[in-house]
Amino acid sequence: MPRLQRYETSQDEMKASVDEIKASQDAIKENVEEMKVRQDEMIASQVGMERKQDEIKEHVDEMKVELSTTKVEMERKQDEINVKVNQIKENVNEIMRSQAEMKANQVMFKAEVSQQIQKMKEMLNQLLLGKNVNNNGAQAIGPDPPFPDNNQDIIVLGGRYGGKRDDVLKTVEKYNIVEGKSTQLSRMNLPRVASASCVYNGDVIVAGGWDGQAGTDSIEILKMNQHPLRWTMFDGKLPAKLFGHYVTVYQDKLYIIGGYNWNENKTSDAIYELSLAPPYTAKLLARMPQPRKNHRAEIVNGKLFILGGTTTGATKDASVVVYDFIKNEIKPCPSLPEPVSRMSTVAWGNIIIVVGGMDKNDQDLNDVIMYHIETGRSERLPSLKHRRGGASAVIMHDVIVVLGGYNKEERHLNSVESFTMGDDQWKELPGMKEKRRYTTAVVTPGK
């Protein structure tokens, strides 16, 4: 090859090499630029990570602050709880102090009530002068005893023991409250339950009742001056066959109030007067606003107060009405606190005391209520020791005695309780010979 040609070839190769070098340099330059970009990205990423770290650190600091705040708040809440607990403890202590004060006040109240009752007794003794005589033959209040001091006997008549027809009693016992024992007396001619009794001219009268088969209009009398004592049939009769009624004597006449009329098969609303002297005529005096049976009545200050009982069906009544013998009219009085039937009553001055009975749900009661006839106000006396429906009660001076009755827990009762006005509880006495309910009783008349 000629020299010139080789030279040209060599130049071309050199040029090609230069071009390759330039191309390599351009590639290197591009790589460097790309590396710079990557480096910038890495720097930016590092900056972002540092910022995230700062944010995380800020969040950690915030959480620390929140935890610190929460701890402070919890401590404050705990302090509030402690304060409330202390307040509750103080309230409990205050309640206990109040209860102690209430107990002390109750004791003082009982003492004040006892004093007031004693004052009432003294006032009544001065005012009544012995004029108020109970249907059961005993004087409720008065300066002189209505019978000798050694006469503390109660005559308890008939009643029922058990639920069969032949469980109606005609037995009679005399209960002495001092000795706490019973003596059997002569039996009545007829068994009688839900009958009514009273004292007249020193003798004991029992009228009406249910004999186990039907109602009866018969009357028996126990003459206390006969020896031996025995029951005789009285010539006069009730105006109808009655049981669950009430009788009382006023100015030599027998008054018959309400009851279940066996002849008409319904509860009676009538008040009858029966002459106790021949020809033993009976006449209708008045009709009550509603019929009544298993009620009670007491004569106080010359007026007849009629309380509670059952009206129609088994509906118990709380109403009270008063019958004026002179005007021959009936007027309503304030009612008893609750409906009651089959209870006992006694009169003490101007107060009628309602003992035991059955409420509107036929639950036997141990309630004792003082009913003030002048105001119609009712007050509670201490409760009986035994619940008693269908018991009988009498009063001797200021001592109430309740005998027999029935409750669902003990069934028929022969137990006896007494209560002296002004005391704070009833006293349990020895029991009667027989268990009885729906019985009737009177204080043995003075001789």
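Me: In the hairpin of S2 and S3, which residue takes a positive phi?

Reply: This is a predicted model, in which local features need pLDDT of at least 70 and side-chain atom pairs count only at pLDDT 80 or more, while totals for chains, interfaces and linings use all residues. Residues are numbered from 1 along each chain as its sequence is written, and side-chain values use heavy atoms, with hydrogens and water left out. Strands are DSSP runs (E, at least two residues) numbered from the N terminus, and this hairpin has four residues between its strands. The residue with a positive phi, near 70°, is Gly180.

Me: Which residue in S3 is the bridge partner of Lys174?

Reply: Two strands pair if DSSP finds at least two bridges between them. Seven bridges join strand S1 (residues 153-160) to S2 in an antiparallel run, with Arg160 and Val168 as bridge partners. S2 is also joined to strand S3 (residues 181-185), again antiparallel, by five bridges, and there the partner of Lys174 is Thr183.

Me: Which residues have the most contacts inside the largest nonpolar core?

Reply: A nonpolar core is a set of buried Ala, Val, Leu, Ile, Met, Phe, Trp, Tyr and Cys residues joined through side-chain atoms within 4.5 Å. The largest one here has 19 residues, and the elements that give two or more residues to it include strand S9 (246-250) and strand S10 (253-257). Those with the most contacts inside it are Ile219, Val247, Leu254 and Ile256.

Me: What are the edge strands of the open sheet of four strands?

Reply: The order of this sheet is S19-S20-S21-S22, with antiparallel pairing. An edge strand here pairs on one side only, and the two that do so are strand S19 (344-348) and strand S22 (378-381).

Me: Which residue in S22 stands opposite Met370?

Reply: Strand S21 (residues 368-372) pairs with S22 in the antiparallel sense over four bridges. Across this pairing, the residue in S22 that stands opposite Met370 is Glu379.

Me: Which residue in S11 stands opposite Leu242?

Reply: Three strands form another open sheet, in the order S8-S11-S12 and with antiparallel pairing. Two bridges join S8 to strand S11 (residues 260-261), and opposite Leu242 stands Asn261.

Note on methods:
Buried < 20%, exposed > 50% of the residue type's maximum accessible area, 1.4 Å probe, protein only.
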